[in-house]
Amino acid sequence: MTFVLAMLSGLAFLGKGFIHMADDGDICVRTGFWANATLEGGLPVGKGVEAASSAARLCQEGPSVGQRAADLGIELPWLLFGFVALLLFSQLMNAVVRDGPFTETAARRLSVLGWAVTVGTPVVGLVVGWSQSWLVASMAPIVGSGPEWAGPQVLILAGLAAVIMGRIMREGVRMREDLEGTI
């Protein structure tokens with residue numbers, strides 16, 4: 001089942017990329033640069049309530065190739081990350097079903113999955129954040145562009161937990177093999 005989900009994620013990645021590059025329509029991006037700016041004219045709110053904007057939506061008609069690529073850099077990296085993570089998880093599950101959970105293969109695949117998530121999360125977060133920042137700066141030069149993080153960085157902790165569990169499982173497998181060798 002996880003393999004099917006991985007393949008669907010991979011197809012979504014490819015489909016989104018092809019469709020988006022073939023599309024010649026507008027591209028839009030949200031920015032929080034103007035967060036907490038007062039709204040001109042105000043909103044009909046109650047007494048003592050102050051209205052502020054939380055994000056601006058910028059749209060570019062007839063975007064350049066660079067803007068279209070930056071828009072893809074916002075949308076595609078998490079799909080690719082999901083595909084890789086699900087594919088590695090599928091391989092882990094296949095090893096567990098085939099050989100059992102406490103084997104060298106399962107421990108190694110859990111560690112590989114953990115490292116992929118631990119390293120992949122900040123890399124994808126930076127790619128998405130920089131793409132969004134550059135796209136916003138290309139539409140509103142006053143904003144400027146710089147390194148930003150995007151996405152759920154808490155996945156780094158889940159990846160590190162998988163690496164640690166893989167190491168614990170590997171040590172358990174070695175201890176079991178030593179015990180079986182002495183009996």
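Colleague: Is Glu 180 buried or exposed?
Modeller: Glu 180 counts as exposed, at 54% relative accessibility (over 50%; buried is under 20%, partly exposed in between; 1.4 Å probe, protein chains only). This is a predicted model, where local features need pLDDT of at least 70 and side-chain atom pairs 80 or more, while totals for chains, interfaces and linings use all residues. Residues are numbered from 1 along each chain as its sequence is written, and side-chain values use heavy atoms, without hydrogens or water.

Colleague: Which residue does Glu 180 meet in a salt bridge?
Modeller: Arg 176, at 3.9 Å, N to O (the cut-off is a Lys or Arg side-chain nitrogen within 4 Å of an Asp or Glu carboxyl oxygen). Arg 176 is partly exposed, at 37%.

Colleague: How many salt bridges in the whole structure?
Modeller: Six. One of them joins Arg 174 to Glu 171 at 3.1 Å, N to O. Both lie in α4, three residues apart. Arg 174 is partly exposed at 36%, and Glu 171 likewise counts as partly exposed, at 31%. Arg 167, Glu 171 and Arg 174 are linked in a network.

Colleague: Different topic. Where is Ala 107?
Modeller: In helix α3. Ala 107 is buried, with a relative accessible area of 0%. Its C-alpha is 8.9 Å from that of Val 163, 56 residues away along the chain.

Note on methods:
Helix = DSSP H or I, 4+ residues; strand = E, 2+ residues; numbered from the N terminus.
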